[in-house]
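Hi everyone, thanks for coming. Please have the sequence and the structure open while I talk about a few side-chain contacts.

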Amino acid sequence: MNDKQGYMIDQNRITIDSASTVSIFSNKKLLRNIRHCGTQRGLRVHSNGGFQDTHMIGDLPGFGPVWYNKESITNILSLAAVCKIRRVTMDTWEEAAIIVHKKNGDKMKFMETGNGLYYYDIKANQPKSVANQHQEQPQVPVLKHQNDNIPIVDVAPPNSSPASIPCCP
C-alpha cells in the first residue's frame, strides 16, 4: 500500500478493464468539471470486495463523463466504452498490451501488469517537457470520438446526453 496517499495502485495509472461496465476514476486531477450527478440514485458498484456508492461525475478530457469516487482504488476505463469511440487491438504474440488507436494515428499502450491487469501510465507517457511543467496535473491522453451522437459510457451518468459530452481537440 502506498502510505503517502493510502492507495494500493498508482493514481497516475488508468486501468482498462473488460469486466467493468462503467468507467470510474479516483484521481480528481485527471478530471474536469467534477459535480453531483443530479439524482439521489447515483451509482452503486459491486465487486468481490463489496460495493461502493458515488453521486459524483467528472469529465475525462477526450472521453467524456465518468463516475468519480475518491475512495476507489484506481482509475478504471470500461473496455466496452472505449471500444465504442476508438479502435482497440491486442496481439499477444507481439506483446502483452492493449492498444487504443487515437484518431491522429498515435497509440495508447495499456501494458499488462504481473497480476493480469492492463494499465496506461500517464506520467511515463508524457513528453519530458510537459511532465516537468505540469507535475501537479498530469496530461490526460485524449481519445476523441468521431461522432457526437455515439454514447460513450455503458451506464451514462444521469442528466447526460450525447450532446453534452465534450469533444476535446
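Let me start with a question: is Glu95 buried, partly exposed or exposed? Glu95 is partly exposed, because its relative accessible area is 30%; buried means under 20% relative accessible area, exposed over 50%, and partly exposed in between, with a 1.4 Å probe and protein chains only.

A word on where this comes from. This is a predicted model, where local features need pLDDT of at least 70 and side-chain atom pairs count only at pLDDT 80 or more, while totals for chains, interfaces and linings use all residues. Residues are numbered from 1 along each chain as its sequence is written, and side-chain values use heavy atoms, with hydrogens and water left out.

Now, the salt bridges. Side chains of opposite charge can pair when their charged atoms come close. We call it a salt bridge when a side-chain nitrogen of Lys or Arg is within 4 Å of a carboxyl oxygen of Asp or Glu. Searching the whole structure turns up 3 salt bridges.

In one of them, Glu95 pairs with Lys109, with the closest N and O atoms 3.1 Å apart. This links distant parts of the chain: Glu95 is in the loop between β9 (87-89) and β10 (97-101), Lys109 is in strand β11, and they are 14 residues apart. Strands here are DSSP runs (E, at least two residues), numbered from the N terminus. Lys109 is partly exposed, at 35%.

Next, Arg35 bridges to Asp59, at 3.2 Å between the closest N and O atoms. Here strand β3 (residues 32-36) holds Arg35 and strand β6 (residues 56-60) holds Asp59, 24 residues apart. Arg35 is partly exposed at 27%, whereas Asp59 is buried at 11%.

Then there is Arg44, which meets Asp53 in a salt bridge of 2.7 Å, N to O. Arg44 also lies over the face of Phe51, 3.8 Å from the ring centre. A charge sits over a ring if NZ of Lys or CZ of Arg is within 6 Å of the ring centre and within 35 degrees of the ring normal.

Finally, how many aromatic pairs does a search of the whole structure find? It finds 1. Phe110 and Tyr120 form a tilted pair, 5.6 Å centre to centre with 45° between the planes. Rings of Phe, Tyr and Trp (its six-membered ring) pair if their centres lie within 6.5 Å; planes under 30 degrees apart count as stacked, over 60 as edge-to-face and the rest as tilted. Phe110 is buried at 1%, and Tyr120 is buried at 9%.

Note on methods:
Helix = DSSP H or I, 4+ residues; strand = E, 2+ residues; numbered from the N terminus.
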